[in-house]
Amino acid sequence: MDPVTRTRIKAAALILMVVIPITLATWAFQVAVESGALFNTTNNGHLINPPVDITALDMRDEDGEFQFRSFEERIEEVDADDYVPEPWLMVMVSARPCDEGCVERVRSLRQLHITLGGDMPRLRRYFLHAQPSELPDALRTRFREDFPSMGLSFGDSQRMESGLSGGGVSLDLQEDLYVFIVDPVGNVMMYYDSSHGLREIQEDVERLLEFSSLG
């Protein structure tokens, strides 16, 4: 069997074993949210339906390289037996200079993460600086000292807004802070703005993890 055929078979196996179940679970979660079955009334955050791929967030590292690829690209390099699901992501996005109010929001999200207890490993936090250059040195140093478990990214706000518009999401990254929830396959499925309190986000995240059992 030639390498190309072998790769395609592995990809197909992973799709059957991983993508379909997670996609169905994500869809079921959305249906439950919209019907009120999951949250009794409604979710606190804004549901993105259909979800958009994580690549729409344009998340880059210090070298300007994409931190996340599409699921299809990732599985080409992994054997079905070795595949390990990614954690859920909670990504805070700001296109403005991160003042003390912004830092306090970062701190509150860390506290939310801690309250998850045994579910902490199922979620990873990121701060996404929505600018075409990385965080200022002083802020990057502060974040790494104060929030060492939080990933740091930067990306162009216009590309983000354009990519998210495919899911019917209209944002103003220059005027507000946002928090996005991303599932283990890379579907950006829900977001919050600065009007949402910590408790509202926490309620959704806890119920989401309980309902999904993914990541």
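Q: Are Cys-98 and Cys-102 buried or exposed?
A: This is a predicted model, where local features need pLDDT of at least 70, side-chain atom pairs count only at pLDDT 80 or more, and totals for chains, interfaces and linings use all residues. Numbering runs from 1 along each chain as its sequence is written, and side-chain values use heavy atoms, with hydrogens and water left out. Buried here means under 20% relative accessible area, exposed over 50%, and partly exposed in between (1.4 Å probe, protein chains only). On that scale, Cys-98 and Cys-102 both come out buried.

Q: How far apart are the sulfur atoms of Cys-98 and Cys-102?
A: A disulfide is a pair of cysteine sulfur atoms within 2.5 Å. The whole structure has one disulfide, and its link is left-handed, with -90° about the S-S bond. For Cys-98 and Cys-102, the sulfur atoms sit 1.9 Å apart.

Q: Why does Arg-142 count as partly exposed?
A: Arg-142 pairs with Glu-100 in a salt bridge (a side-chain nitrogen of Lys or Arg within 4 Å of a carboxyl oxygen of Asp or Glu). Arg-142 counts as partly exposed because its relative accessibility is 27%.

Q: What is the relative accessible area of Arg-122?
A: Arg-122 forms a salt bridge with Asp-119, the closest N and O atoms being 3.4 Å apart. Asp-119 is partly exposed at 29% relative accessibility. Arg-122, though, is buried, with a relative accessible area of 14%.
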